[in-house]
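Trainee: Can we go through this one together? I'd like to know what backs up each label.

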Amino acid sequence: MTSPQHTYRRLLREINRQFTSVNGNRAWATQMRQQWVAASQNPASSNMHAAQNILAFLTSNRKHSELINEFYPRMPEGDRIEKTARRVGLEAPKTYNP
C-alpha cells in the first residue's frame with residue numbers, strides 16, 4: 001500500500017494533467033485539497049481506498065483517451081475506415097459513386 005502523501009501527490013498531478021492544464025480552472029485541484037484536508041482530520045482506511053480508486057480511474061481514463069487519439073486520430077470517416085482495414089491486413093472496398 002502506498003503512503004497517503006504519495007497518493008495525494010499523484011492525485012494532484014493527474015488532476016492537473018486532465019483538468020487544470022486543459023482549461024486553466026483550478027477548481028478541481030482546490031476541491032480535492034479541501035476533501036483531502038477534511039479526510040486527514042478523520043483518518044480512515046476507507047478514505048485512502050477511495051482516493052486510490054479515484055486515482056486509478058483518472059489514470060485509466062487518461063490512458064484510454066491517449067490510446068484512442070493515437071489509433072483513431074481525427075480524420076474523415078472514409079480515411080479512418082481505410083486505415084482500420086489496413087491495420088488488420090484487409091483492404092476496404094471502393095465505394096460506389098454514380
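Mentor: Accessible areas here come from the Shrake-Rupley method with a 1.4 Å probe. On that basis the surface of the chain is about 7800 Å², with 56% of it on carbon and sulfur atoms. Bear in mind that this is a predicted model.

Trainee: How do you know whether the chain is spread out or a compact globule?

Mentor: The chain has 4 helices and 0 strands. Its radius of gyration is 21 Å, while the globule rule gives 13 Å for 98 residues, so the chain is more spread out than a compact globule. The C-alpha atoms fill a box of roughly 70 × 30 × 15 Å along the principal axes.

Trainee: Why is the pair Glu 14 and Arg 17 called a salt bridge?

Mentor: The cut-off is 4 Å from nitrogen to carboxyl oxygen. The side chains of Glu 14 and Arg 17 meet at 3.4 Å, N to O, so the pair qualifies under that cut-off. Both lie in helix α1, 3 residues apart.

Trainee: What makes Glu 14 buried or exposed?

Mentor: Buried means under 20% relative accessible area. Glu 14 has 4%, so Glu 14 counts as buried. Arg 62, with 17%, is buried too.

Trainee: Which parts does the salt bridge between Arg 62 and Glu 14 tie together?

Mentor: Their side chains meet at 2.4 Å, N to O. Arg 62 lies in helix α3 and Glu 14 in helix α1, so the pair links parts 48 residues apart in sequence.

Trainee: And what about Glu 66 and Arg 62?

Mentor: Another salt bridge, at 3.2 Å, N to O. Both residues lie in helix α3, 4 residues apart. Through shared partners, Glu 14, Arg 17, Arg 62 and Glu 66 form one network.

How values were computed: Residues are numbered from 1 along each chain as its sequence is written. This is a predicted model: local features need pLDDT of at least 70, side-chain atom pairs count only at pLDDT 80 or more; totals for chains, interfaces and linings use all residues. Side-chain values use heavy atoms; hydrogens and water are left out. Helices (H or I, at least four residues) and strands (E, at least two) are DSSP runs, numbered from the N terminus. The radius of gyration is taken over C-alpha atoms; the globule rule is 2.2 Å times the number of residues to the power 0.38. Buried means under 20% relative accessible area, exposed over 50%, partly exposed in between (1.4 Å probe, protein chains only).
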